[in-house]
Amino acid sequence: MQNGEANVSATAQTSKRVSLLNRLYGLNGRILFGGALVLFIVILAIAAPLLATHDPLRVRMSDRLLPPSFDNWLGTDNNGRDVYSRIVYGARISVLVGSAVVILSTFFGTLIGLIAGYYRRMDGPMMRFMDAVMTFPSILLAIAIIAALGASAQNVIIALTVSFVPHTARVVRGKVLSVREETYVESARAIGLGDTRIILRYILPNTLAPLMVQATFILALAIIAEAGLSYIGAGTPPPTPSWGNILADGRAFLNNAWWMTTFPGIFIMISVLGLNILGDGLRDLLDPRMENNR
């Protein structure tokens with residue numbers, strides 16, 4: 001009887017170890033795969049001058065609408081420009097705009113979330129204003145801001161930052177509300193530590209994990225939004241290559257130049273897919289509650 005119980009116990013422990021290893025393997029696999037896709041796009045953007053095979057701005061009307069070939073890997077557009085080179089340089093706009101939006105929206109959203117979550121008297125007014133901003137769809141709010149400021153990469157960054165700050169602020173505020181009542185925070189107040197020191201030392205570090213996850217999703221949304229804005233002429237103005245305006249150039253030639261829209265769409269898909277997979281992996285790895293749901 002005792003041998004049977006021992007065997008059952010050993011089997012249960014082995015199953016638990018296998019389950020834990022499978023979970024870690026699955027998470028690391030997602031993080032590695034998503035991270036590899038994101039790294040590919042980042043390298044593409046940084047090394048664009050080395051990877052491009054032609055000048056992305058050079059117009060060659062004699063070579064217009066050529067299909068993919070050895071000389072033009074992804075074909076040419078309606079102005080004879082090399083689509084591959086324009087996509088490679090367009091990655092710079094997507095990475096630059098997305099990274100700037102993530103940095104700015106994270107900074108201002110974290111600041112607002114910390115103040116609203118820690119100081120009760122500030123919570124109501126600040127979050128009601130954030131809620132008012134969030135009532136507008138992000139892309140429509142961005143279009144309205146760009147209509148007032150003008151179409152440019154800098155104004156796209158401003159418009160998308162304003163659109164995404166409330167999302168980050170709500171994430172940070174929710175974390176601050178749960179941490180603010182912890183015993184160690186109360187103890188820090190009791191020994192006379194100032195609010196600034198408490199926030200920076202005890203509360204802010206607890207927001208880093210959800211901020212990392214939020215940043216990956218904001219970056220993916222910013223890449224899609226920038227492409228969408230450029231597609232409708234409210235983003236990066238031509239002839240500067242952007243995935244959005246490359247798509248816009250190709251919409252009139254869908255029947256006889258499919259490569260003008262297919263290949264930039266694939267690169268947008270790779271970017272967003274990689275960021276979403278990376279974000280999901282980070283969320284499951286950093287959130288202990290996810291283990292209980294498995």
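The bend at a residue is the angle between two axes, one fitted to the seven residues ending there and the other to the seven starting there. Keep that idea ready for this tour of a predicted model.

Begin by colouring the chain by pLDDT, which averages 85 here, with 88% of the residues scoring at least 70. Where pLDDT is low, the predicted coordinates should not be read in detail.

Next, select helix H8, which covers residues 195-231. Although H8 has 37 residues, its end C-alpha atoms are only 46 Å apart, short of the 54 Å that a straight helix would reach at 1.5 Å a residue. Where along H8 is there a bend? Centre the view on Leu-204, where the helix bends by about 45 degrees, and find the proline, Pro-205, that follows within four residues. After H8, move to Gly-233, whose phi is positive, near 85 degrees.

Stay with H8 and select Ala-225, which lies in this helix. Is Ala-225 buried or exposed? Its relative accessible area is 9%, and buried means under 20%, so Ala-225 is buried. Leaving aside neighbours within four places in sequence, Ala-225 is in contact with Ile-139 and Leu-160.

The unreviewed UniProt entry places the feature "transmembrane region" at several stretches, including residues 31-52 and 139-165. Select residues 31-52, and you will find a chain that is 91% helix and 0% strand, with end C-alpha atoms 29 Å apart. Over residues 139-165 the chain is 89% helix and 0% strand, and here the end C-alpha atoms are 13 Å apart.

Finally, show the aromatic side chains, among which the count comes to eight pairs. The rings of Phe-107 and Phe-108 have centres 5.1 Å apart and planes at 80 degrees, and because planes over 60 degrees apart count as edge-to-face, this pair is edge-to-face. Of these residues, Phe-107 is exposed at 51% relative accessible area, while Phe-108 is partly exposed at 40%. Go on to Trp-258 and Trp-259, another edge-to-face pair, with 5.7 Å from centre to centre and 80 degrees between the planes. Trp-258 counts as partly exposed at 42% relative accessibility, whereas Trp-259, at 4%, counts as buried. End the tour by selecting Phe-40, Trp-243 and Phe-267, which form one aromatic cluster.

How values were computed:
Residues are numbered from 1 along each chain as its sequence is written. Side-chain values use heavy atoms; hydrogens and water are left out. pLDDT is the predictor's confidence in each residue, from 0 to 100. Helices (H or I, at least four residues) and strands (E, at least two) are DSSP runs, numbered from the N terminus. The expected span of a helix is 1.5 Å times one less than its number of residues. UniProt positions are given in the numbering used here, feature names are shortened, and annotations may be inferred rather than shown by experiment. Buried means under 20% relative accessible area, exposed over 50%, partly exposed in between (1.4 Å probe, protein chains only). Contact means heavy atoms within 4.5 Å. Rings of Phe, Tyr and Trp (its six-membered ring) pair if their centres lie within 6.5 Å; planes under 30 degrees apart count as stacked, over 60 as edge-to-face and the rest as tilted.
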